[in-house]
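Dear colleague,

I am handing over the structure below for your reference. Please look through it before reading the notes that come after it.

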Amino acid sequence: MQDLHALVVEDDPDISSALVETLEGAGFRVTSAPDGRAAVGIAASDPPDLVTLDLTLPHMDGIEVCRRIRETSDCYIVIVSARSDEVDKLIGLEVGADDFVLKPFSPRELRARVAALFRRPRSGAATEEPAAQAPHVPSPARPADEPSTISCGAGLVINSARREVQVDGTIVDLTRIEYDVLEYLATHLSRVCTREEMVLAIWSSALTHDHHLVDVHVANLRGKLRRHSAATWIHTIRGIGYRMDREDDPRERRAGGGPFLVAHFDSEDWAKGLDF
């Protein structure tokens, strides 16, 4: 097995011990940090593949720790916190966390969530490891026999082989999950994708029940695309999910056999309490 390094950031000794035991049982080499400042230092000197992160920490809170680690690392970050407010979840996901687990946590659920994260393709150096150590698994968003380049109109091109997105030739900087969301929608052009199916396909786990995960990442994705173009590719189907259309497709858009209006929302819609 690969030498996978997990960093546990938790100031409660009992919870830290439980997290360390759970991750060691899953085959990780585990380092623990009791506060935010120590966590950032360890992440810089011994880069982790996985970070479990509490939000309430001495010296530096978990949100800032997540932001600093994400500046230099593409590791998986799972927030493990007793703070159940939706705002905490949204902020954590927005600054780069991959998942959110509430305390008290089930070791079995945590291991399942971590396993689901590692089933997703990773970018950076991890993609360059020998095939014997990291066998290639096609992304759940794209069948293996589909073309590697997807053109979505209005200058938006997705290169699945490189996991690269461009608008009019300019690369769009997306997080790993934002890319997965975009690729999933793009491979199902003109079809309504429900939040549930997107969670199962992208997070690869029925344990991820919080469908607002999709809403947050779609909102962030829309905001980043708008920095490069005024075009709108992703449309909200209220109460169901999302549909992606070619922006230059002049045909009338219909759902269920009848016409409907497409609402154009900005990237802060999730904070306005709308029913996405």
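The notes below cover aromatic pairs, cysteines and some backbone features.

Please bear in mind that this is a predicted model.

Aromatic pairs

The structure contains 2 aromatic pairs. In one of them, the ring centres of Phe-28 and Phe-118 are 5.6 Å apart and the planes meet at 65°, so this pair is edge-to-face. The two residues belong to distant parts of the chain, 90 residues apart: Phe-28 sits in the loop between helix 1 (13–25) and strand 2 (29–33), while Phe-118 belongs to helix 5 (residues 107–118). Phe-28 is buried, its relative accessible area being 9%, whereas Phe-118 is partly exposed at 23% relative accessibility.

Phe-118 also pairs with Tyr-76: here the ring centres are 4.6 Å apart and the planes are at 50°, so the pair is tilted. Because Tyr-76 lies in strand 4 (residues 76–81) and Phe-118 in helix 5, this pair ties together parts that are 42 residues apart in sequence. Tyr-76 is buried, with a relative accessibility of 0%. Through these ring pairs, Phe-28, Tyr-76 and Phe-118 are linked into a cluster.

Cysteines

A search of the whole structure returned 0 disulfides.

Backbone features

The peptide bond leading from Lys-103 to Pro-104 is cis, with omega near -10°. Pro-104 is placed in the loop between strand 5 (99–102) and helix 5, the helix that holds Phe-118.

Asp-168, a residue other than glycine, has a positive phi near 55°. Asp-168 is in the loop between strand 8 (164–167) and strand 9 (170–171), and counts as exposed at 58% relative accessibility. Ser-190 is not a glycine either, yet its phi is positive at about 70°. Ser-190 is located in the loop between helix 6 (176–186) and strand 10 (192–194), and is partly exposed, with a relative accessible area of 45%.

With kind regards

Terms used: Residues are numbered from 1 along each chain as its sequence is written. This is a predicted model: local features need pLDDT of at least 70, side-chain atom pairs count only at pLDDT 80 or more; totals for chains, interfaces and linings use all residues. Side-chain values use heavy atoms; hydrogens and water are left out. Rings of Phe, Tyr and Trp (its six-membered ring) pair if their centres lie within 6.5 Å; planes under 30 degrees apart count as stacked, over 60 as edge-to-face and the rest as tilted. Helices (H or I, at least four residues) and strands (E, at least two) are DSSP runs, numbered from the N terminus. Buried means under 20% relative accessible area, exposed over 50%, partly exposed in between (1.4 Å probe, protein chains only). A disulfide is a pair of cysteine sulfur atoms within 2.5 Å.
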